[in-house]
Amino acid sequence: MDPTKSFQESTRDIINLIIASFHSSIESIPSIEQIKTNVTEMDRTQVAIVVAVATILLSQLVFKFRNFKSVRKSRFLDSPGFPLPEAAENFNLATQEPLKFRPFRPKYHLTMGLETLNPSELIPMDMTYKERIRYRRKLLREHHDIVVAIHDESDKRIVGAISELYRYIMSTYLPVRYPTMFRLHETAFESGKAYMLENLVMNELYPSEVTKFTSPLRALEILLKTVDEDFLILLPEDEADEKSKYRLVAYETCYPAGFNPRKKLGNRLAKIHEPVPGYAEKLEKSVDRYFESLEVGKYVRRVNWSISTNTELFAAFGGLHSNAAEKEEKIKEGELDIETTLLRCERQTLHRLPTSKALVFGFHTYTYPLSQIKEEGLGEDLAVAIDGLKEGSSPAIHGYKRGPVWADAVKAYLRSKN
Ligand code: HEM
């Protein structure tokens with residue numbers, strides 16, 4: 001290095017030299033002789049500095065490339081035994097319409113009505129997401145003990161099932177299925193490497209797994225705040241007994257259709273369905289058998305329907321299903337509030353978790369204004385189906401769905417000219 005120059009001046013010279021060589025390398029690749037002459041012109045210190053700067057530049061490039069790869073690699077965590085969903089690559093939340101179901105039939109038969117579900121379609125997303133997620137968070141603040149609960153937080157089987165569901169949804173399903181909405185990030189805490197799920201729509205980060213820092217109850221709250229999906233977890237009473245009955249052990253449920261989920265916690269399926277007329281005689285055995293035998297990897301779904309006249313999506317205190325509908329005042333024909341009368345459908349799903357073997361019952365609730373049904377030309381079909389509630393395998397279902405309160409007024413509207 002030239003002792004007459006300051007350190008900054010020497011460094012500037014060296015950087016200029018690198019830039020000059022870079023330029024000349026673009027114009028013409030230097031010959032070995034040229035490189036040799038350049039190198040001999042520099043003293044040893046200068047060569048060392050050039051090598052050091054070049055190494056730093058190179059390592060930065062390598063580091064950048066490595067980061068990129070690790071981002072790609074950490075797009076999801078593998079959840080053993082679960083299917084990997086297909087990516088909805090160009091999914092656009094803003095333009096995605098809610099799913100449309102018209103499940104009413106001329107006669108209502110109490111059947112399981114299960115169909116195979118593509119596991120990729122476990123959680124549907126649509127343009128109502130943001131508004132509904134805000135509503136769910138309001139419910140969490142106002143009705144915490146009703147919308148989220150665990151039967152026994154010290155029960156390892158229950159905690160295991162919640163953790164398994166949580167990890168699959170937060171680390172695998174969401175980042176893989178909806179890459180335009182969710183992204184998994186690798187982070188390092190004092191305790192070691194960890195992954196966080198970024199919700200790109202709500203601008204938030206959540207842990208990707210249940211750890212000692214995330215309690216199982218908190219995990220259910222996060223699920224409730226992240227997906228517009230109600231999840232209920234069921235486990236057999238006795239693990240060792242194949243014929244053991246399933247009980248509701250934990251849930252996050254914001255849209256109960258006329259029942260208080262807290263009152264169902266800890267109960268067997270048969271007890272949960274006690275108010276459903278005909279369930280004990282017509283469904284209980286087949287549902288119990290189905291629950292015992294449903295295999296890991298098999299996903300199923302069913303869709304139900306009701307008419308809601310005055311309830312929100314959150315209907316934990318009645319108003320949708322009631323065996324005491326006779327006591328309610330009948331809505332007179334022509335006095336139906338068309339704005340608040342809706343066809344309400346639940347898209348229910350069921351699958352078994354691979355490790356804990358718990359069953360997860362999920363449902364997504366959709367509502368459609370009656371005017372929409374009429375515009376589609378389905379007014380008469382729905383009117384017939386309303387009468388058909390009394391004509392199927394369990395006629396008392398008409399009363400259970402509060403038909404005596406709204407049926408005549410709704411049918412009159414559906415059949416009216418305007
Ligand atoms: C294949 C499984 C199932 C079938 C076939 C089934 C069937 C039914 C039927 C027919 C009703 C009457 C309302 C309607 O949907 O029209 C009903 C209501 C209900 N189901 Fe299920 N269900 C199943 C699984 C479950 C599970 C796993 C849970 C929860 C852990 C559950 C909780 C309820 C509740 C809370 C009600 C309302 C009861 C009330 O009014 O208090 N169901 N179910």
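Tutor: In this predicted model, residues 17–32 keep a pLDDT under 50, and the model gives this stretch six contacts beyond four places in sequence. For the protein as a whole the average pLDDT is 87, and 81% of the residues score at least 70.

Helix 7 covers residues 216–226 and packs against helix 4, residues 129–142, at an angle of about 145°, the two axes being 8 Å apart. On the side of helix 4, the contact is made by Ile-133, Arg-136, Arg-137 and Leu-140, while helix 7 contributes Glu-221, Leu-224 and Lys-225. Sorted by class, this contact holds four charged and three nonpolar residues, with no polar ones.

Helix 7 also packs against helix 6, which spans residues 156–177; here the angle is about 35° and the axes are 10 Å apart. The crossing of helix 6 and helix 7 is left-handed. From helix 6, the residues Val-159, Ile-162, Ser-163, Tyr-166 and Ile-169 meet Pro-216, Ala-219, Leu-220 and Leu-223 of helix 7. Eight of the residues in this contact are nonpolar and one is polar, and none is charged.

Helix 12, residues 379–388, and helix 14, residues 403–415, have axes that come within 9 Å and cross at roughly 155°. Because an angle over 145 degrees counts as roughly antiparallel, helix 12 and helix 14 are described as roughly antiparallel to each other. Their crossing is left-handed. In helix 12, Gly-379, Glu-380, Leu-382, Ala-383 and Ile-386 take part, and they meet Gly-403, Ala-407, Val-410, Lys-411, Leu-414 and Arg-415 of helix 14. The residues of this contact divide into six nonpolar, three charged and two polar.

One more helix deserves mention, in relation to the ligand. Helix 10, residues 279–293, and strand 6, residues 230–236, each supply at least two residues of the shell around the ligand, and helix 10 gives the most, with three. In total 18 residues surround the ligand, and the closest are Phe-259, Pro-275, Asn-304, His-321 and Phe-361. By class, the shell has 13 nonpolar residues, four polar and one charged.

Terms used
Residues are numbered from 1 along each chain as its sequence is written. This is a predicted model: local features need pLDDT of at least 70, side-chain atom pairs count only at pLDDT 80 or more; totals for chains, interfaces and linings use all residues. A residue is near a molecule or strand if its C-beta atom, placed from the backbone, lies within 6 Å of it. Helices (H or I, at least four residues) and strands (E, at least two) are DSSP runs, numbered from the N terminus. Ala, Val, Leu, Ile, Met, Phe, Trp, Tyr, Cys and Pro count as nonpolar, Asp, Glu, Lys and Arg as charged, and the others, Gly among them, as polar. Axes are lines fitted to C-alpha atoms, for helices over the stretch in contact, and angles run from 0 to 180 degrees between N-to-C directions. Angles under 35 degrees count as roughly parallel, over 145 as roughly antiparallel, 65 to 115 as roughly perpendicular and the rest as oblique. A crossing is left-handed if the near helix is turned anticlockwise from the far one by less than a right angle, and right-handed if clockwise. Two residues are in contact if their C-beta atoms, placed from the backbone, lie within 7 Å. pLDDT is the predictor's confidence in each residue, from 0 to 100.
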